[in-house]
Amino acid sequence: MSSPSSNPRKNRTHEPLGLRLERLYAVYSDARYISPDPLETVLPFREIADREIAALAASSLAYGRVAQILNSLRIVFGVMGGRPADYIRSGGLEEFRRDFRGFKHRFHTGEDLALLFEGVRSALKRYGSLEACFAAGFEREHETVLQAQEHFCAELCRSFPEGESTLLPSPRKGSACKRLNLMLRWLVRKDAVDPGGWESIPPSHLIVPLDTHLHRISRELGLTHRNAADRETALEITRNFRNFFPDDPVKADFVLTRFGIHPDFGRNPLEKC
């Protein structure tokens, strides 16, 4: 029988958490583990102008069962075609309403999509790209992209009543903005999973896309003791991840959230490292 000292996994429990997270990232940050995930619908878009719009659409609908999300996104991208940027630039609110009449993803409808896409069209006219729109609200001296998120949401939600929408919630009212932070992870980071494309926003300023999976895991890892999955909890977890990855605090997000989502993973990430 092996003694406790001869069990390498048991010995690893005494290693610093940062080293264990690095090991998880090295092994599991792999494109083979992406599916099922909304990101898989974004990866086919090679042009940044198309990818940023695809990422916005995919992340905005990234709630609920993953099978339902993927089905909704197939409908959306089937309408938009292979060049989402051309579709948005050449359209208008009435065209968007017509094209997505009858669409529904849980509590959002085709009208929500039409208003969002009209906001995107207006932003493209004013800024030239979604990246430029986002960067217009970004300051490097800020700790995170929080202020830039508020600016971005305000610009894209101009067509909605009262200038806001649950399809693209702003952090202004305390939302963790999981879906917007997910979009930013895809577009700002670049590795074997995240395709990148945005060059004006540094990964060091990103905020974790806090969902129920990451919240549970973060509590188990001692990265937060807060019960609410809100903006302050997302910021606290991000600050703690920054202790391990100063230039890339969202680095471990993908591998950690595979646990409890991907069928080949268990629920406890530290069992794997």
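Q: Why is leucine 61 called buried?
A: In this predicted model, leucine 61 lies in the loop between H3 and H4. Its relative accessible area is 0%. Buried means under 20%, so leucine 61 qualifies.

Q: What does leucine 61 contact, leaving aside its neighbours within four places in sequence?
A: Leucine 61 is in contact with Ile69, Leu73, Val76, Phe103, His105 and Leu167. Contact means heavy atoms within 4.5 Å. The C-alpha atoms of leucine 61 and leucine 168 are separated by 9.4 Å. Along the chain these two are 107 residues apart.

Q: What describes the packing of H3 and H4?
A: Two packed helices are described by the angle between their axes and the distance between the axes. For H3 and H4 the angle is about 150 degrees, and the axes are 10 Å apart. H3 passes H4 in a right-handed crossing. On the H3 side, Ile53, Ala54, Ala57 and Ala58 make the contact. On the H4 side, Leu73, Val76, Phe77 and Met80 do.

Q: What makes aspartate 50 and arginine 83 a salt bridge?
A: Their side chains meet at 2.5 Å, N to O. The limit is 4 Å between a side-chain nitrogen of Lys or Arg and a carboxyl oxygen of Asp or Glu, so the pair counts. Aspartate 50 lies in helix H3 (residues 48-60), and arginine 83 in the loop between helix H4 (66-80) and helix H5 (84-90), so the pair ties together parts that are 33 residues apart in sequence.

Q: Why do arginine 172 and glutamate 164 count as a salt bridge?
A: The closest N and O atoms of the pair are 2.9 Å apart. The rule asks for within 4 Å, so they pass. Arginine 172 has a relative accessible area of 51%. Exposed means over 50%, so arginine 172 is exposed. Glutamate 164, at 31%, is partly exposed.

Q: How many salt bridges does this rule give?
A: The count comes to 23.

Q: What places glutamate 220 and arginine 216 about one turn of the helix apart?
A: Both lie in helix H11 (residues 212-220), 4 residues apart. An α-helix has 3.6 residues a turn, so residues three or four places apart point the same way. Glutamate 220 and arginine 216 form a salt bridge, with the closest N and O atoms 3.3 Å apart. Glutamate 220 is partly exposed at 48%, whereas arginine 216 is buried at 18%.

Q: Which residues do salt bridges with shared partners join into one network?
A: Arg185, Arg189, Asp191, Asp194, Asp248 and Asp253.

Q: Why is aspartate 194 called buried?
A: Its relative accessibility is 1%. The cut-off is 20%, so aspartate 194 counts as buried. Aspartate 194 lies in the loop between helix H10 (178-188) and H11. Leaving aside neighbours within four places in sequence, it is in contact with Leu39, Arg185, Trp186 and Arg189.

Q: How do you know that the span of H7 is close to the expected value?
A: Helix H7 (residues 110-127) has 18 residues. It reaches 25 Å from its first C-alpha to its last, against 26 Å expected at 1.5 Å a residue. Glycine 128, with a positive phi near 95 degrees, follows H7.

Q: What makes H7 mostly covered?
A: Of its 18 residues, 13 are buried. Glutamate 118 lies in H7. Its relative accessible area is 10%, under the 20% limit, so glutamate 118 is buried. Glutamate 118 touches Gly92, Leu93, Phe96 and Ser159, not counting residues up to four places away in sequence.

Q: Which residues touch the most other members of the largest nonpolar core?
A: Val76, Leu130 and Leu156, of 81 residues. H7 gives the most to this core, with 8 residues. Among the residues that leucine 156 touches are Leu115, Leu116, Val120 and Ala123.

Conventions: Residues numbered from 1 in each chain as written. Predicted model: local features only at pLDDT ≥ 70, side-chain atom pairs only at ≥ 80, totals over all residues. Heavy atoms only, no water. Helix = DSSP H or I, 4+ residues; strand = E, 2+ residues; numbered from the N terminus. Buried < 20%, exposed > 50% of the residue type's maximum accessible area, 1.4 Å probe, protein only. Expected span 1.5 Å × (residues − 1). Core = buried A, V, L, I, M, F, W, Y, C linked by side-chain atoms within 4.5 Å. Axes fitted to C-alpha atoms, helices over the stretch in contact; angles between N-to-C directions. Left-handed = near helix turned anticlockwise from the far one by under 90°.
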